[in-house]
Amino acid sequence: MLRKLLLGCGIVSSLLYVATDTIASLRYEGYSYWDQNFSELLAEGSPVRPLMIGSNAIPYAALVTAFGVGVWTVAGPRRTARVAGALRAGYALVGLAGGLLFRMNTREVLAAGDGDWRGSLHIPTTMVMSLFLLAGMGFAATLFGRGFRWYTYGTVVVLAVFAALVGRQAGAVEANEPTPWLGVLERVNIYATMLWVAVLATALLRVQPTSAPRRLGRPTITLRVLSR
């Protein structure tokens, strides 16, 4: 039961992220869901920053960390699953630091040249978080069959392409210039990640540990897909 609860946190975390993103975007007067990036909701000076910290940043990090523990617990002797679980937890903790400690400055502050050192570390922190994410996806891709591997590889390609498109508008954000479709481009990345996590969690919930004897007569744990 505990294992299922931990794995279920992966699905809940994705739903929470999408829901709070939508709600905060609607409550931020003047904010464009289509043309502004997600980090601006958590930026210093954002009117919805307290809402995002309480309903997104902290709960999401806790849920993803719990999911990482769940991935570890179903691993049995499979070291790759344990590494994937640890990387998920690392991704959550670095992402929390990026939202709370090294948050983005608003566009107006950046354009005026008044950004602080914490804001200057937001992009490097995001890059480290992305490395944890991609590494975790790489290890998790080996847990199931060819279909899940190709789905994971396709998701990584989507993340790389849209990250590059988002990066092309970084200068416009800092200059407080229009950034058409920036929000859409970044959210393709975000929601593709959320969907992948939900798919992984669902797949793991469909397996259960079973005992299989070793040569020396000692029990070991394997993963068996539940038949419907």
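1. Y60 is buried, as its relative accessible area is 7%. Buried stands for under 20% relative accessible area, exposed for over 50%, and partly exposed for what lies in between, with a 1.4 Å probe and protein chains only. Y17 also counts as buried, at 10% relative accessibility.

2. Before going on, please keep in mind that this is a predicted model, in which local features need pLDDT of at least 70 and side-chain atom pairs count only at pLDDT 80 or more, while totals for chains, interfaces and linings use all residues. Residues are numbered from 1 along each chain as its sequence is written, and side-chain values use heavy atoms, leaving out hydrogens and water.

3. The structure holds nine aromatic pairs (rings of Phe, Tyr and Trp, the last by its six-membered ring, with centres within 6.5 Å; planes under 30 degrees apart are stacked, over 60 edge-to-face, the rest tilted). One of them joins Y17 and Y60, edge-to-face, with 4.7 Å centre to centre and 70° between the planes. This pair links distant parts of the chain, 43 residues apart: Y17 sits in helix 1 and Y60 in helix 2. Helices here are DSSP runs of H or I with at least four residues, numbered from the N terminus.

4. How are the rings of Y33 and W34 arranged? Their centres are 5.3 Å apart and their planes at 85°, so this pair is edge-to-face. Y33 is partly exposed, with a relative accessible area of 21%. Elsewhere, ring pairs link F144, F148, Y151 and W196 into a cluster.

5. L41 deserves a look in your viewer. Leaving aside residues up to four places away in sequence, L41 touches D21, A24, S25, Y28, Y31, S46, V48, R49, M52 and R187 (contact: heavy atoms within 4.5 Å).

6. Finally, L2 lies in helix 1 (residues 2–27) and is exposed, with a relative accessible area of 60%.

Terms used
Helix = DSSP H or I, 4+ residues; strand = E, 2+ residues; numbered from the N terminus.
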